[in-house]
Amino acid sequence: MVLATAVNEHLANISNYLIYSAMAVYTLAMLAHCFEWAFGSRGAIARRSAEQGGTLAETVAATAQPAARKVTVTVASAGGGTATLTRTALAGEGATVVTGGRGDDETDGPGAAGSDEQADLLGRMAISLTVLGLVLHFGGVLTRGLSVTRWPWGNMYEFSCALAFTAVAAYLVLLATGKKVRWLGLPVVVSALLTLGLAVTVLYTDSEQLVPALHSPFLAIHVTAAIICGGAFHAAFVATALYLLKDGYDRRIAAGRTTGPLGTDASIWQRLPSAGSLDKLAYRINAVIFPLWTFTIIAGAIWAEKAWGRYWEWDPKETWSFITWVAYAAYLHARATAGWKGRKAAYLALLAFACFVFNYYGVNIFVTGKHSYAGVG
Amino acid sequence: MSNTDTGTGAKAQQPLDDEAAAERLSTAPVEERPEDTVPSLGAVGWLRWTWRQLTSMRVALILLFLLSLAAVPGSLIPQTSSNALRVQQWKAAHSVLAPLYEKLQLFDVYSSVWFSAIYILLFVSLAGCIVPRSWQFVGVLRSMPPAAPRNLTRMPVYATWRTGAAAPDVTAAAERLLGGRRFRAHTLGDAVAAEKGYLREVGNLLFHISLFGLLIAMAWGSVAGGQGGKLVLEGQGFSNTMTQYDDFEGAAFYGADDLDAFGFKLDGFSATYQTKGDQLGTPRDFTAHIRYWTGTDNSRLRKGTIKVNEPLEVAGSKVYLIGHGYSPVVTVRNAKGEVVFQGPTPFLPQDNNLTSTGAIKVGDYGTKDGKKVQLGFSGIFSPTAPVTASMTTGWNSLFPAAADPKLIITAYEGDLGTDAGLPQNVYQLDIAHMKQLSQDGNKAAVALKPGQGWTLPDGYGTVSFDGYQQWASFNIAHRPGNSVALGSAALAVLGLIGSLLIQRRRVWVRATEAEDGTTVVEMAGLARSESARIAEELAELAVALQDDAPALPEESETPVNEPTEKRG
Ligand code: HEM
């Protein structure tokens, strides 16, 4: 392997400035989201979301076409109620219009802004700022990599920057593809800020070349996969936590109380998607990413075989990856087994995520093993 | 196994009641209620009960949970298998806990009785789960999807409309439509039954079966593989026979006779380090330059390199570079000026800057003043030594490369203890029967630069520090089963992708003639509760079916029957 021995200090400095700028912009985005949530509590429609403004009009427009074909599917929901889904095909054009209308208990809230125009504007500003932050963030990661002409995830600082980047990018990609995930904005930006904050303060190391153990194409394969998994597990964690809170809120309401958990304003919870939707979202993310996590561990094992002569040595890092893997497998099993849906399975998911986080921060910093690349003094 | 659903196929020929039609879309065992299972009959009953418990999903879940819990202590307590030295240090520091930990096998967690028990139980449970499920699945594949339930409105997703098309035409069109979308579809009476996504089950079985592949590969690797360590000086060689190893760890089917025939010579070792910034001294590259041979003929040599991530693969073994260090080259002369020792002695690195310690044992010193004497030197090799010893860090090296090397030694005379026949640590002096020489009332010690010499006090002769050589240490491993493990792992990932990303679902279409002569089309779908897409899919299918069964204008928007019961 050819080594670029030099470090381009200039680029490394630019990288640091870009990361700081990204943090500043994310902070603004976070504030905008906070105001969005605050203003969104005004107005009656924040509380009455079932109208699903706009979609009815679409349906009407579609049925007005003479040759339109329309089908209404009735969906039985977990709570015993029903929801309907209507799909309309416009004859001749081949276009379909899907409109959703939902029954009693499975109502997804309208999102942070409620239907308050000012709040909506703030939300849009927040998203624009997040996009700007992401661009700066990308520049930061890129210049860091260019400064040493290698993949920019050779130590914990770089890994954290990349992790926060994937989390924000994944969220924006979901938004761009039309998924209704704007309510995720605040938690995503906050987690990105926390991760970056920790990175620039505790984990920071100067941009340098790699130690010999990291000279391997598996740095790109194994670590990239791990970063993507980290971002996804993180998102699933946010969804799980919100599910538990929303479910807690639903129970409080059922018990005749009027506020959310910890005395929070009910309107916050009403604006979130339904507990069922949050739970499903969390499950899907975990289920989709689990094979990639399995792959990450296998790629790590192949690398270990190349570097140390054994693909599995129960090094603390390996052990905790294994623990994390088994914990997520247990969660998936629990979901596949009757009687373990809902809260119980959600607690398992939280536990599994805690293992993942410990594997990253805890094992790197407090436990000595062969994975001593963290670069933290 | 009696606690699983029977295959879906056998009963497919008659219309089913709701209960059976909603039959599970997985061959996963049904969870039993405890009251069904409490055994009443003697030993056989208990055995059957135990077996059923063990193969139940609940127990599988508990075992998985226990497995992850049991793996934790091994990551926090030093393990003999990975670092025996740290285990010793830990034991020395915790004299009270150590015996208890020892009893609980906490220094060998991953080969302990309790850890093994958990995973063996888990795999027994898995076998008890997989075998019947595989048979069932074969049954499912050999039969057609189950017939439509009488009351389709009870299915999780449902759609209906009226059409002018004749009922048989509608079912025929539906079968064509579903078949075209790769459903397995067939018509029974007035309804079409269709199913898709069998690969989910295939993936699930594949995943669980390949876990066995992994287990077997690991077991094979541990009974038929082994490894050993060897420290090689620049210019010296190694041939793969038992006597050459510094340490060797074999297995039941891997001993002295099974070693692969090959060898290599270490021509040189090069290391580069970071020379500035806050990571000064961090290694950047290590390369061992070698020439190697296979078989017993060591005259035909091939050039090669071994790096940290690039082991040498030769004759069924792999040679890994695992460490490196310095060997000071020293010449010792006795009082008569005869050379009694000459050559390099490997010193062991103690820190990242390769401050190294070691012992030079001169067993053949001969006699002095009429009695047999041996000399021993205990020393520090500092590749980039400070100008003078620091108050706090002594002669500790400032940089790992040999920019300004110094050898700091002190001398002992007496009995080295090497003749006692007991194994000795080659890097340390056993000073039980030795006396440190003194000079001017102080302990005799000196810091030498290459080329410098030292006249020992009391006429013991001279020592000269001629220079240094590097050494590299290698791990030579023979690991059968690695490719089986890799193959199983790859299949496991494939299986998981199928199992988690593919949805298995059923669709039924029924067309019946209403009293007014029109045809009522009913469609229903069933998938696992995690799938929300079944509703969209049904809608899409229904829209497509309306090509052949166009909807008549409706009087009301509501479905024919209100759903009365939910289904997960
Ligand atoms: C060795 C440890 C095991 C691991 C790592 C493991 C992992 C998994 C994973 C990741 C899934 C996918 C979950 C899903 O399809 O939703 C799964 C499904 C499943 N596992 Fe395991 N499993 C293990 C042992 C077992 C055992 C011992 C049993 C039987 C007692 C079992 C029975 C099943 C069944 C029936 C499913 C499918 C559930 C369904 O299709 O709904 N597994 N397993």
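Reader: Where does B:K368 lie relative to B:Y460?
Author: B:K368 lies over the face of B:Y460, at 4.4 Å from the ring centre; a charge sits over a ring if NZ of Lys or CZ of Arg is within 6 Å of the ring centre and within 35 degrees of the ring normal. This is a predicted model, in which local features need pLDDT of at least 70 and side-chain atom pairs count only at pLDDT 80 or more, while totals for chains, interfaces and linings use all residues. Side-chain values use heavy atoms, with hydrogens and water left out, residues are numbered from 1 along each chain as its sequence is written, and chains are lettered from A and ligands numbered from 1 in the order in which they are written.

Reader: And what sits over the ring of B:F107?
Author: The charged end of B:K91 sits there, 5.0 Å from the centre of the B:F107 ring.

Reader: Staying with rings, how many aromatic pairs does the structure hold?
Author: Over all chains, the structure holds 40 aromatic pairs; rings of Phe, Tyr and Trp (its six-membered ring) pair if their centres lie within 6.5 Å, and planes under 30 degrees apart count as stacked, over 60 as edge-to-face and the rest as tilted. For B:W90 and B:Y101, the ring centres are 5.0 Å apart and the planes stand at 20°, so this pair is stacked. The pair links distant parts of the chain, with B:W90 in helix 5 (residues 84–93) of chain B and B:Y101 in helix 6 (residues 97–103) of chain B, eleven residues apart. Helices (H or I, at least four residues) and strands (E, at least two) are DSSP runs, numbered from the N terminus.

Reader: Are those two buried or exposed?
Author: B:W90 counts as buried at 18% relative accessibility, and B:Y101 counts as buried at 17%. Buried means under 20% relative accessible area, exposed over 50%, and partly exposed in between (1.4 Å probe, protein chains only).

Reader: What about B:F381 and B:Y468, how are their rings placed?
Author: Their ring centres are 5.9 Å apart with the planes at 50°, so the pair of B:F381 and B:Y468 is tilted. B:F381 lies in strand 15 (residues 371–382) of chain B and B:Y468 in strand 22 (residues 462–478) of chain B, so the pair ties together parts that are 87 residues apart in sequence. B:F381 is buried, with a relative accessible area of 0%, whereas B:Y468 is partly exposed at 35%.

Reader: Which residues form the aromatic cluster in chain A?
Author: One aromatic cluster is formed by A:F233, A:F237, A:W293, A:Y328, A:F353 and A:F356.

Reader: Changing topic, which protein donors does the iron atom of the ligand have?
Author: They are A:H333 (NE2) and B:H208 (NE2), lying 1.9 to 2.0 Å from the iron atom; donors are N, O and S atoms within 2.8 Å of the metal (3.2 Å for Na, K and Ca), and water is not among the atoms, so sites may look incomplete. The pair crosses between chains, from A:H333 in helix 9 (residues 316–336) of chain A to B:H208 in helix 9 (residues 199–223) of chain B. A:H333 is partly exposed, with a relative accessible area of 21%, and B:H208 is buried at 10%.

Reader: What geometry does that iron site have?
Author: The site is octahedral, with angles of 79 to 178° among its six donor atoms; six donors count as octahedral if opposite donors are over 155 degrees apart and all others between 65 and 115.

Reader: Now B:H433, where is its place and what does it touch?
Author: B:H433 is in the loop between strand 16 (406–414) and strand 17 (434–436) of chain B, and at 56% relative accessibility B:H433 counts as exposed. Not counting residues up to four places away in sequence, B:H433 touches B:E413, B:G414 and B:D415, where contact means heavy atoms within 4.5 Å.

Reader: And which phi value does B:L354 have?
Author: Phi of B:L354 is near 60°, a positive value in a residue other than glycine. B:L354 lies in the loop between strand 13 (348–349) and strand 14 (356–368) of chain B and is buried, with a relative accessible area of 7%.

Reader: Last one, how many helices and strands are there in each chain?
Author: Chain B has eleven helices and 24 strands, and chain A has ten helices and three strands. Buried residues make up 51% of the 568 residues in chain B and 55% of the 377 residues in chain A.

Conventions
Four donors count as tetrahedral if all angles lie between 85 and 135 degrees; four count as square planar and six as octahedral if opposite donors are over 155 degrees apart and all others between 65 and 115; anything else is irregular.
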